[in-house]
Amino acid sequence: MSDKREDYISWDEYFMGVAKLSGMRSKDPNTQVGACIVSPDNKILSMGYNGFPKGCSDDEFPWSREGDALNHKYLYSTHSELNAILNYRGGSLEGAKLYVSLFPCNECAKAIIQSGIQTIVYDSDKYDGTPSVIASKRMLDAAGVHYYKYKQTNREIMLRV
């Protein structure tokens with residue numbers, strides 16, 4: 001008979017925690033999104049967060065959300081999901097699961113579908129009902145990519161680093 005600990009965190013808590021921790025690397029002053037891609041046997045394959053591409057200085061490119069197109073972040077930043085997909089160097093992502101702190105936009109949905117990721121676990125869906133998310137869900141549904149909202153446990157995890 002085992003006396004193992006019973007209050008350990010679930011796989012969903014673990015991987016969503018990794019996604020949220022990854023998001024804390026983002027330099028974006030408004031939105032920090034993190035993603036974690038996991039194999040079918042619960043191994044972390046890749047992580048990403050929203051930010052600028054390699055070689056594009058966080059100090060020289062704009063973080064603003066307003067103004068003319070060339071002076072705000074939207075033309076320059078890469079979303080966490082795409083960064084996680086592009087960061088993966090191990091071959092195929094077929095059958096993988098993506099944990100992400102914000103529901104993917106339509107552009108990330110395309111990359112998710114094309115990469116072979118089969119399941120998305122998301123925390124926030126704050127842009128639900130926008131054209132981008134409506135299109136995203138339409139494509140994900142058509143492609144057979146399963147998605148579900150992360151169930152908050154309200155467990156507090158404290159890290160001292």
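Is cysteine 108 buried or exposed, and what is its relative accessible area? Select cysteine 108: this residue is buried, with a relative accessible area of 4%. Buried means under 20% relative accessible area, exposed means over 50%, and partly exposed lies in between (1.4 Å probe, protein chains only).

**Before you go on**

This is a predicted model, where local features need pLDDT of at least 70 and side-chain atom pairs count only at pLDDT 80 or more, while totals for chains, interfaces and linings use all residues. Residues are numbered from 1 along each chain as its sequence is written, and side-chain values use heavy atoms, with hydrogens and water left out.

**The whole chain**

Show the chain as a cartoon. You will find four helices and five strands. Starting at the N terminus, their order is α-β-β-α-β-α-β-α-β. The radius of gyration is 17 Å, close to the 15 Å that the globule rule gives for 161 residues, so the chain is as compact as a globular protein of that length. Helices (H or I, at least four residues) and strands (E, at least two) are DSSP runs, numbered from the N terminus. The radius is taken over C-alpha atoms, and the rule is 2.2 Å times the number of residues to the power 0.38.

Zoom out. Along the principal axes, the C-alpha atoms fill a box of roughly 65 × 40 × 35 Å. Of the 161 residues, 39% are buried. Now think about contacts (heavy atoms within 4.5 Å). Among contacts with a separation of 6 or more, 62% join residues 24 or more positions apart.

Colour by charge next. The chain has 19 positive and 20 negative side chains, and the centres of the two sets lie 2 Å apart. Lys and Arg count as positive, Asp and Glu as negative; His and the chain ends are not counted. Each charge is placed at NZ of Lys, CZ of Arg, CG of Asp or CD of Glu.

Select cysteine 36: its nearest cysteine sulfur, that of cysteine 108, is 15 Å away. Cysteine 36 is buried, at 0% relative accessibility. Go back to cysteine 108. Its closest cysteine sulfur is in cysteine 105, 3.8 Å away, too far for a bond.

**Helix α3**

Select residues 106–115, which form α3. The buried residues here are Asn106, Cys108, Ala109, Ala111, Ile112 and Ser115. An α-helix has 3.6 residues a turn, so residues three or four places apart point the same way. What covers the buried residues of α3? The cover includes α2 (80–87), β3 (97–102), β4 (119–124) and α4 (131–143). Step just past α3 to glycine 116, which takes a positive phi of about 95°.

**Two asparagines**

Select asparagine 42, in the loop between β1 (34–38) and β2 (44–49). Its phi is near 65°, a positive value in a residue other than glycine. Asparagine 42 is partly exposed, at 26% relative accessibility.

Jump to asparagine 154, in the segment after β5 (146–149). Phi of asparagine 154 is also positive, near 60°. This residue is exposed, with a relative accessible area of 71%.

**Last stop: phenylalanine 61**

Find phenylalanine 61 in the loop between β2 and α2. At 25% relative accessibility, phenylalanine 61 is partly exposed. Which residues does phenylalanine 61 contact, leaving aside neighbours within four places in sequence? They are Phe52, Cys56 and Tyr76.

How values were computed
A disulfide is a pair of cysteine sulfur atoms within 2.5 Å.
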